[in-house]
Amino acid sequence: MAASTCILNFVKCLIILFFVNVSLALYADQVGKFDWNQKLIGKVKYALFDHSTHSSKRIVVATEENVIAALNSKTGAILWRHVFEKTSVGIVHALYNVGNDVVTLTGGGNIIRSWNSATGVLHWESVASKSTATDNPQSLLMLEKKTLVVLTSDTVFAVGLATGKIKWTAEVPNKDTVVYKHFYTDLDNLYLIGTVEGSHVTIATISLETGKVKLQTQVPASWVLLSTTCKMLQSGRLICFEPRMKYLYSLQPPSGDQFVPTALSDVMGQLMVIKDVSFTDLHADSVGVQVAPDHHIVITVDASGQAKLVKDLPQVFGIDNLSGEVIWQKLIPGIVPFQQLGKETLPLFVLRTTAHFPHPPEYAVLGKHKATGNGLLDVFNPITGRCMTREVIQLNYRVQHVSQLAQHDADFVRPVIFVDTNKLIHVYPETATDVLMEAVAHNYLFSADADTGVVTGYRMSLTAEKGFTSEPVWSVILSKDTQRITNVVAKRQNEHVHSQGRVLGDRSVLYKYLNPNLVVFTTEGQDDQEKSYVTLYLIDVISGQVVFSANHQRAKGPVNIVHSENWVVYTYWNQRLRRHEVAALEMYEGRTQSNTTAFSSLAPPPTPIVERQAYILPYTVVAMTTTITEKGITNRHILLALADGGILDLPKALLDPRRPNTPTAEHREEGLIPYMPEIGAPKEMIINYNRSVFNIDAIYSAPAGLESTTLIFAYGLDLFCTRVWPSKMFDVLKDDFDYWLISVVLTALILSSIILQKMAARKQLHAAWK
Amino acid sequence: MSAPSQTSGSRFKKHKWALDYTLKKADRQLQLQTEHLPVGYCSTALAQVQDAHTGTRDPNLVVKKSWDIALAPMKQLPMNLFIMWMSGNSISIFPIMMVGMMLFRPFKALFTLQNTFKMIEGSQAIIQRMVYFLGNVLGIGLALYKCQSMGLLPTHSSDWLAFVQPQQRLEYSGGGIPLS
């Protein structure tokens, strides 16, 4: 019997190994078959036509996404690009053409680099150590002297453009009282112009060869403020705009000692100069022109050269997910995104899918009006992009919360409810009030205020005088003195959980704690010794019960969270050990289910058993999501966008908190991988092979019609769209299925069996007559 | 076959042991009375045997035969036990075939139960029929035990997990961080 148990275990292991799925590599000819990606550069700040000796029709641009790139001026294709850090270190302050090279000033005025404009290869890099980083360093290129002069808030220095050596650095005089923002040179001297608020403008003369301050003069100007906008014109004239009296003051350093005022209307014509040229992301024939700091207009140039004015950039795009081309674009005039925890968001809702035939599909985008701040709702057909109502719906209240009901009305539209700042509830479509009346009894809302640190739960009620209102029912105070709410993540509404429990090695079942109203809150804060910590709360938002909380001392965000089924996976930075870690939580009810028919938060099951484990990540995760399918039968894979440009596809089995340290036979029976502290990134699990995508904001996953497939879209600076098969493609025949061979063999066998049957019958008859 | 010629006298003398059925009945009796009959042949013996045959049967023999039929399934049991032990608890073609055979045979016997009961007669017929039935039931029990030890029977809760319905959701929630 011992031999048979050995064989039994071996066979069981083999069977289990078949189910441990590791993403395999792609064949080279499958590249691009199911996926596409677009490398983008972002909103252009500076653009230069290339002046290098080989005429190349190249434009070098620097964008607000901290990217410098060279574009082919005919097609708009990216020839080379460099993505700098997302933080303030990577901001590109200036871009200059120096012969065959392009010189950039980044990092608050401290880092100067020279790139070959044809290939993007770095020639030299120099770092100014003495100056502090400023938001707005000024720089001036002097081609004849082959120097670049840079002014930061407390230093001015000159860099030689041949080798990058810093020729001289000098501290600005009186840097405590005077704020220097502009400078001007003539051949030998550098004139620094600084302002002292409310009294005068200082002009400091510095020698260009040595960096010594020669002279300081003051020009009286009582109207000057720190925020006064001034511009240094090419001719050396300084013009400042004083908004109160709408006067323009002009000064000619170094000789000038008085500001000459002029009224604005006289000069308007001269100032309307096109300052910057930027290209929109998706079409190469549109040119964005910046006329005033916040007024962006777009000019499209068609094939015949006609230029048309297009006001504002489109906000909604319909992109084909197989080829990546933009099928339609839509501009919603006057709309501005909401701000939520420092991020901009335009909530998008699926009101009706294509499943209800005579009714067309409907999507809605919610934003706020640029001027009034009231809500603005656009309902459109996602296939064509056309608006379904006659015009954009203007709501006459400020929207504070928006949510979608689970029940649909007679036309199969799932209504959207808006909660305004007076806690009144409105619904779109307006005819869906009957659905809302039914929903009032069992729909609840919650609000997590990051400024006060209070999470409040509301219930909806119908009052005679005010209509539908929301009343607070519970509140949880996550003390705002020491911590701040940073993430609120609920489960996806369309998620279906297939199996209600997990089969253990001894063939018993561990039932999952599937609370559909559980929401994950993370807070980050600093304790008394200035050590930061991250806390995770799992709160049931109907009853306000804090189901679970976990605290990570000496840890920092940003925390990427994935919350699905009965588990939560989140990443954080461990400050003590200086590494990124990922933690997985799973919640179980136990060996029996407390209520097999329904889940009610008001009569909840006992507190769940929470299993947790953490692992080390040797890379930085920028965004994270999970695969999702219609019925939830397929395995789950977690997709992580890495900072180095890859998107990693990890099976959830690797992030299973039940992974044992010392596996026993029962653990092997269950299929648990033994615990290893590190989760690597093998190259075959990177789904975008060698097409790196940088600065990803988020990855969105959607169920495909097939149970085995999930569609993935990663967006941020670059776009990447592909399909993922977490359990391989089990419901579709393989690509090279030989239909021809099988049908030929089948037909041959059928024919031969008929023929032989007839022959045998004839032979028998013949023999019977003998 | 062709009959001999009508001249019987001369033909009769030649074939000593031949019985000629074409003669009339009276002549045939003449044949039987003579020494043409084989050695040891007694023409009246057949009549005796026939009388004996239509008489009473031996009851012991009937009971013995019925016991044989009744105990046949019981005799299979030790052999089946041995086969079970040899085939082991893994799931592969040989054990499955053996289990299938062990399960199928008693079932078939149970389906043809009425026919078998007809063959069992005698004084202890009732006991014998019960024993036969019991033997088949034990055979099925043995096959089921084998299934259980191979893990094929749905006795654990994990076997019924696929039929557990998802819990119905009674409350819905919405909202989040206020939009500003």
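Which pattern does chain B follow when read along the sequence? In this predicted model, in which local features need pLDDT of at least 70, side-chain atom pairs count only at pLDDT 80 or more, and totals for chains, interfaces and linings use all residues, side-chain values use heavy atoms, with hydrogens and water left out. Residues are numbered from 1 along each chain as its sequence is written, while chains are lettered from A and ligands numbered from 1 in the order in which they are written.

Chain B follows the pattern α-α-α-α-α-α-α-β-β, which comes to seven helices and two strands, where helices (H or I, at least four residues) and strands (E, at least two) are DSSP runs numbered from the N terminus. Of the 180 residues in chain B, 28% are buried, a term that stands for under 20% relative accessible area with a 1.4 Å probe, protein chains only. The accessible surface of chain B, computed by the Shrake-Rupley method with a 1.4 Å probe, comes to about 13100 Å², and 66% of this belongs to carbon and sulfur atoms. Where contacts (heavy atoms within 4.5 Å) in chain B link residues at least 6 apart in sequence, 63% of them join residues at least 24 apart.

Helix 7 of chain B, residues 125-150, has 26 residues and reaches 38 Å from its first C-alpha to its last, close to the expected 38 Å, the expected span being 1.5 Å times one less than the number of residues. This helix is followed by Gly151(B), whose phi is positive, near 85°. UniProt, in an unreviewed entry, places the feature "transmembrane region" at residues 82-104 and 125-145 of chain B, although such annotations may be inferred rather than shown by experiment. The span 125-145 of chain B is 100% helix and 0% strand, with its end C-alpha atoms 30 Å apart, whereas the span 82-104 of chain B is 78% helix and 0% strand, with its end C-alpha atoms 18 Å apart.

In chain A, four strands form an open sheet in the order 41-44-45-46, with antiparallel pairing; two strands are taken to pair if DSSP finds at least two bridges between them. Strand 41 (483-489) and strand 46 (546-553) of chain A each have a single partner strand, so one side of each edge strand is left without a neighbour in the sheet. Strand 45 (residues 532-540) of chain A pairs with strand 46 of chain A in the antiparallel sense over seven bridges, and Tyr533(A) stands opposite Gln553(A) in strand 46.

Note on methods
Buried < 20%, exposed > 50% of the residue type's maximum accessible area, 1.4 Å probe, protein only.
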